[in-house]
Amino acid sequence: MTAGPRTGGAGLAAGYAGPGPARGRDGRPRVGLVIGSGGVKCAAAIGLWKVLAREGIAVDAAVGCSGGSVYAAAIALGFDVGESERRTLVMWRDLFTRLHYRSLLRALMPRLFGFDEGVGLIDDRRVRLVLRELFGDATFADARVPLFIAATDVATGEKVTITEGRLADAVRASIALPLLLRPWPVGGRLLVDGGASNPLPVDVAIREGCDAILAMGFENHPHGPVRSFAGAVGRTTTIVQNHLLRATFAFYNIAHHAEVVPVIPTLGRSIGLTDVHEIPALIEAGARAMEEQLPYLRRLLAATAT
């Protein structure tokens, strides 16, 4: 199966409208999977994936945002979950630790070196290498189920859904954290992190006509005592993001016919972008969160099948 509806030659859609409700390939209720932004915390998607594979629950559409786009693409391509887990344990290492010194100089001395929207403080060469190793020259047309990658137009702030082209480019655009990773060109537009405009793109799965939507989002644990301005900003950002995540779930459950099943891994501590030692615990937390929702998901699928 190809990547579903196409929008223009570039495969970019701002107000994407899917084909409407449809049953799965075998006539069963259609299951959508949305993996939101969360940095290294998105490794928890491996745990969710392992539970679905064990239970024989197929995914009929995959939507990924930021770090979640890596796992949405892997699932849509039909990767082996065991191999994906082994890769996850190593691929995040040193991914965001090397500085891009030219961008750093442009940020510190903009008048001398020039500053524009293309600045990214992290050297992304290892990021691009990892994406090439993961996806090679695979495109959306190689996906076994419809795949959608969320990004943000850096010039307009507009939500963008990528549905065509090379997966490595789409994922690279979706993970382009503003000011940290350089924006990435896709389809004639310069794109950044999907989390900047749509951190949990449940709307895409709804428009694709899914009956049940597994939505993996990530709450941020509040930081410890605030002892600096940066710490105060971080705590405020955490509070805002957590409330936005909860509001997103509440809105979609009230406003749309599709059932949105929240899968929210919790570890009870703050996990940053470089905390790769937490990956095994994150995978376990993802599995626990999915296990908790299994009884409800099965009842939901049984109800929508009638």
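Reader: Which residues of α1 are buried?

Author: The model is predicted; local features need pLDDT of at least 70, side-chain atom pairs count only at pLDDT 80 or more, and totals for chains, interfaces and linings use all residues. Numbering starts from 1 along each chain as its sequence is written, and side-chain values use heavy atoms, without hydrogens and water. Buried means under 20% relative accessible area, exposed over 50%, partly exposed in between (1.4 Å probe, protein chains only); helices (H or I, at least four residues) and strands (E, at least two) are DSSP runs, numbered from the N terminus. In α1 the buried residues are A45, I46, G47, L48, W49, V51 and L52.

Reader: What covers the buried residues of α1?

Author: Helices and strands both contribute. The cover includes α2, α3, β2, β8, β9 (259-263) and α10 (279-305).

Reader: How many bridges join β2 to β8?

Author: Strands pair if DSSP finds at least two bridges between them. β2 also pairs with β3 (residues 61-65), parallel, over 4 bridges. From β2 the chain passes through α1 (residues 45-55) to β3 in a right-handed β-α-β crossover (clockwise from the first strand over the helix to the second, with the strands pointing away from the viewer). With β8 (residues 212-216), β2 runs parallel, and the number of bridges is 5.

Reader: Which residue in β8 is the bridge partner of V34?

Author: V34 and G32 point one way from β2, and V31, L33 and I35 the other; all are buried. I35 has its bridge partner in β3, at G64. For V34, the partner in β8 is A215.

Reader: How many residues apart in sequence are the parts that the pair of F79 and F135 ties together?

Author: Rings of Phe, Tyr and Trp (its six-membered ring) pair if their centres lie within 6.5 Å; planes under 30 degrees apart count as stacked, over 60 as edge-to-face and the rest as tilted. The F79–F135 pair is stacked, at 6.2 Å centre to centre and 25° between the planes. F79 lies in the loop between α2 (68-77) and α3 (81-91) and F135 in helix α6 (residues 125-135), so the parts tied together are apart by 56 residues.

Note on methods
Contact = heavy atoms within 4.5 Å.
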